[in-house]
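Hi,

Here is the structure I promised to pass on.

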Amino acid sequence: VVCRDGCIKAVGQTDVIRKQFSGATFERIIDCSGKCVLPGLVDAHTHPVWAGDRVHEFAMKLAGASYMEIHQAGGGIHFTVEHTRKATEEELFGTFKHRLERMRRAGSTLVECKSGYGLNLETELKMLRVIERAKQSMDIGISSTYCGAHSVPKGKTATEATDDIINNHLPKLKELKLSGEIHVNNIDVFCEKGVFDLESTRRILQAGKDIGLQINFHGDELHPMKSAELGAELGARAISHLEEVSDEGITAMARAKCAAVLLPTTAYMLRLKQPQARKMLEEGVIVALGSDFNPNAYCFSMPMVMHLACVNMKMSMNEALAAATINAAYALGMSDTHGSIETGKQGDLLIINSSRWEHLIYQFGGHEALIDYVIVKGKVIYQNERCGTMSSY
C-alpha cells in the first residue's frame, strides 16, 4: 500500500492488508496475481548527458585498440567533450530525457547522473543545469555528481586542472547550491595513470567534501593506483570500477563501509579483467552495481547488468539484486529512503510478469516483455502496452 505522499504505508500478507484497509479508498488497485513485485532498480553510476556518439570507436576497439590508445588519438572522452561543448542546453536536455525514459522502461527508478564532458566551468555547469532540470520535471530519482575531473583538458597539466577545479569550479558550485539553483550530491574524479594522480585526486575530493559533497569516484580501473585506500581514508561513500584494486584496498573499503560500485559492462566492452566481486563480498565490502551508461558503454538496462554480474563476476542472483537495489541506494547515500520495499520508504516498485523474480536476471535482454509496470512514488510512470496480454515465457 502506497500513500498519496508517495511513501509505502504497509507491506504484508493479502488478507492482513485487506482487513487493515477495509474502509479505505484507493485511486488505483493493481492485481499482481501470479506476478512479482520488486523494489525499483537503482543505477549507481551513469554518464548520461552528452552529445555525439562514439559508434566509430566501437569498431576501433573490436580491431584491438585499447581505451588509452583511443584516448591518446583524440578519441574517447575528448571527442565527447568537443561535441558536448558545442551542444545547446536544450539539445542536451532532449537527449538526456530520452535516455532517462529508456532507463525507466528497463526498471531503473533512481539513477546517479554525472557531469564530466565539459572540463571547463561553463560546460560543466550547463550539464549540471540539465541534470537539475530533469530532477525537477521527471518522475525518476536522480543523484547528481560533479565530475569536472573526468579528464585533463587539452592545453592544461593535471596540476593546473586541479587548481582550476578547486579555485574556480567548486566555489561556483557552492554559490549555486546556496542560491538553490543547482543541488549537486557527489564529487567524482577519474583517478588514473595519465589522468589525475593520487595527490591531485586527494586535493579535489577533499575540497568537494569541504563544501558538503559526498565522495564517489572512479578508481583502480586500468592501473593499480591505491584509490581504494585513499577513498577509505577520506571517508568516501563509494568508489567505482576497481578492476585493479589491491587486497589492502579491499580490506580498507570493508572497514570504512565504503561501497564498491562494480560495472560489468565496462570490463565486458573493454575486455578488461573482471572486478573481484567474490573477494569483496567475502571480505564484507558493500557491493553495488551500475550500468556505466556512456558513449563507451552504451547500456541502459540494469537487468542486463545484473546478468553480466552473475555470469562474469560470479555473483549469485540474490547478490546481484541486492547490489542493484539496496546496496546501490547505499552507494548514493539514499538507502534510508530507497532500495527496498519497507514501510516508510519511497514507493518505487517494479511489477514483473513472472511468478519468479529471477526471470528478470535469467532472461538476458528480456526486460521489455517482463516488466509490466514501473512505479515511482506510488505513481505508475510506465505500463507495458502488452501488459496482461502475453506470457513472459
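Searching the whole structure turns up six aromatic pairs (Phe, Tyr or Trp rings, using the six-membered ring of Trp, with centres within 6.5 Å; planes under 30 degrees apart are stacked, over 60 edge-to-face, the rest tilted). One of them is edge-to-face: Trp50 with Tyr298, at 6.1 Å centre to centre and 80° between the planes. Trp50 sits in the loop between strand E2 (41–43) and helix H2 (55–62), and Tyr298 in the loop between strand E9 (287–289) and helix H13 (302–312), so this pair ties together parts 248 residues apart in sequence. (Helices, H or I of at least four residues, and strands, E of at least two, are DSSP runs numbered from the N terminus.)

Trp50 is buried at 2% relative accessibility, while Tyr298 is partly exposed at 41% (buried is under 20% relative accessible area, exposed over 50%, partly exposed in between; 1.4 Å probe, protein chains only).

Phe293 and Phe300 make a stacked pair, 4.6 Å centre to centre with 20° between the planes. Phe293 is buried at 0%, and Phe300 is buried at 8%. Trp50, Phe293, Tyr298 and Phe300 form one aromatic cluster.

Two arginines are worth a look too. Arg99 lies over the face of Trp50, 3.7 Å from the ring centre, and Arg237 lies over the face of Tyr330 at 4.4 Å (NZ of Lys or CZ of Arg within 6 Å of the ring centre and within 35 degrees of the ring normal).

This is a predicted model: local features need pLDDT of at least 70, side-chain atom pairs count only at pLDDT 80 or more, and totals for chains, interfaces and linings use all residues. Residues are numbered from 1 along each chain as its sequence is written, and side-chain values use heavy atoms, leaving out hydrogens and water.

Cheers
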